[in-house]
Amino acid sequence: MPGLRTTAVHGGRDDLAELGVHAPPIDLSTTYPIPDQATGGAALGAWADGASEADSPVYARLHNPTVARFERALAELEGTDTAVAFSSGMAAITAVVQAACVMAGKPHVVAVRPVYGGTDHLLTTGLLGTTTTYVSADEVSSAVRDDTGLVVIESPANPNLDLVDIADVVHQARGVPVMVDNTFATPVLQNPAKFGAAYVVHSATKYLGGHGDVLGGVVACAEALAKPVRQLRVLAGAVLHPLAGYLLHRGLATLPIRIQAQQATADELARRLQQHPAVAEVRYPGLTGSRLIGVQQRGPGAMIAFSTVADPHTVVSKLRLITPAVSLGSVDTLIEHPAALTHRLVDGEELRDCGVSANLLRLSVGLEDVEDLWDDLDAALNAVA
Ligand SMILES: *Cc1c(COP(=O)(O)O)cnc(C)c1O
């Protein structure tokens, strides 16, 4: 088995030498010449049934070779049979809920809060015809019913970086498929499928792309589970554009070294933030000494959450280098206030109940010099101390 860095660089590129190219070709065709009508028809039927291969792509909503290379690489990194890419992380999560709940006739979801605000809102509104019971990680077992189609968790959770024991939740779920949103950890730090997760989803928009210039999502899972997910993509049409597929595939090559460098900086910043008088609390998996670090998650990651003693909006307004913006996982450092932005659609009391305080800020640490980032944070915090 090649190492992680080797897989990140070489994954999904096995057909390139045969094609006589070094960089993966970007296939922008929306339609493909059909060798003969019978072959074309058979291929169309196969894609519509959720097949992973057929004799012709036929049409770009059914299959795209550039996107398929990104999927193969991501599946290798996650240690799953396969992966299915979507136009955004929310499209990927929607497909999983539709496949596991709606298509399977099991409309009940159990979710451990906090989760990403968009996921929370999708489940709370019941837009897809599901109902959701929110529980803490140790209450999953008592919430699972006969009509439960899916258990939803995030670890580390967005936005407060709670770690959830995946193997324990899988055990409590008693065979109900568990979806783990692995956006924060990335396959560099955690492979949820190894602990029994049925679906591993990513907002590829974040660390996988890594440069803040591409929107995408992906579901990594076993081939049997991928089939209905691909069917949904073909028929509901939330496909990833081939240019986006190319950029996400390219992003994977540097993912391990980006995560390692960003994590080292985050670890240092978290320690310094903890000492600052204007900071009330720092939530960073490397500081809390979670038993899951080193077992489930190979490192603490590059996301930090901290709450300020004064108005967080004033702190953010004093920053000069760090960009106030939603999203995360980019080469540059971003900060946002979950209660005001990413999680504003979640009821305030429910947010506080799951450990997201009103003053919590979420910091996505980039690749800048640690001293420059600290100078910016320190000056902003001093201004309100
Ligand atoms: C951003 C995000 C999503 C949604 O992904 P999009 O690509 O914005 O649709 C889902 N889960 C987590 C943890 C996220 O951070």
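**Loops and ligand shell**

Reader: What am I looking at here, and is Asp-332 buried or exposed, or in between?
Author: It's a predicted model, so local features need pLDDT of at least 70, side-chain atom pairs count only at pLDDT 80 or more, and totals for chains, interfaces and linings use all residues. Residues are numbered from 1 along each chain as its sequence is written, and side-chain values use heavy atoms, with hydrogens and water left out. Buried means under 20% relative accessible area, exposed over 50%, and partly exposed in between, with a 1.4 Å probe and protein chains only. Asp-332 has 30% relative accessibility, so this residue counts as partly exposed.

Reader: How far apart are the C-alpha atoms of Asp-332 and Gly-11?
Author: Along the chain, 321 residues separate the two.

Reader: Now the ligand: which residues are closest?
Author: The shell has 14 residues, each with a heavy atom within 4 Å of the molecule. By type they split into three charged (Asp, Glu, Lys, Arg), four nonpolar (Ala, Val, Leu, Ile, Met, Phe, Trp, Tyr, Cys, Pro) and seven polar (the others, Gly among them). Helix H5 (residues 89–102) gives the largest share, three residues. The closest are Met-90, Asp-181, Ser-203, Thr-205 and Lys-206.

Reader: How far is the side chain of Lys-206 from an oxygen atom of the ligand?
Author: I'm using polar contacts here, meaning pairs of N or O atoms within 3.5 Å. A backbone N or O of Gly-89 is 2.9 Å from a ligand oxygen, and a polar side-chain atom of Asn-158 is at 3.2 Å from one. For an N or O atom in the Lys-206 side chain, the distance is 2.8 Å.

Reader: How much of the ligand's area does the protein bury?
Author: Areas come from the Shrake-Rupley method with a 1.4 Å probe. Taken alone, the ligand exposes 390 Å². The protein buries a share of 92%.

Reader: Is Leu-161 buried or exposed?
Author: Leu-161 is in the S4 to H8 loop too, with a positive phi near 65° in a residue other than glycine. Because its relative accessibility is 7%, Leu-161 counts as buried.

Reader: Which residue's backbone oxygen does the side chain of Asn-160 reach?
Author: Asn-160 is found in the loop between S4 and H8. At 1% relative accessibility, Asn-160 counts as buried. At 3.1 Å, its side chain reaches the backbone oxygen of Cys-354.

Terms used:
A polar contact is a pair of N or O atoms within 3.5 Å; within protein, one must be able to donate a hydrogen and the other to accept it, and residues adjacent in sequence count only if both atoms are side-chain atoms. Helices (H or I, at least four residues) and strands (E, at least two) are DSSP runs, numbered from the N terminus.
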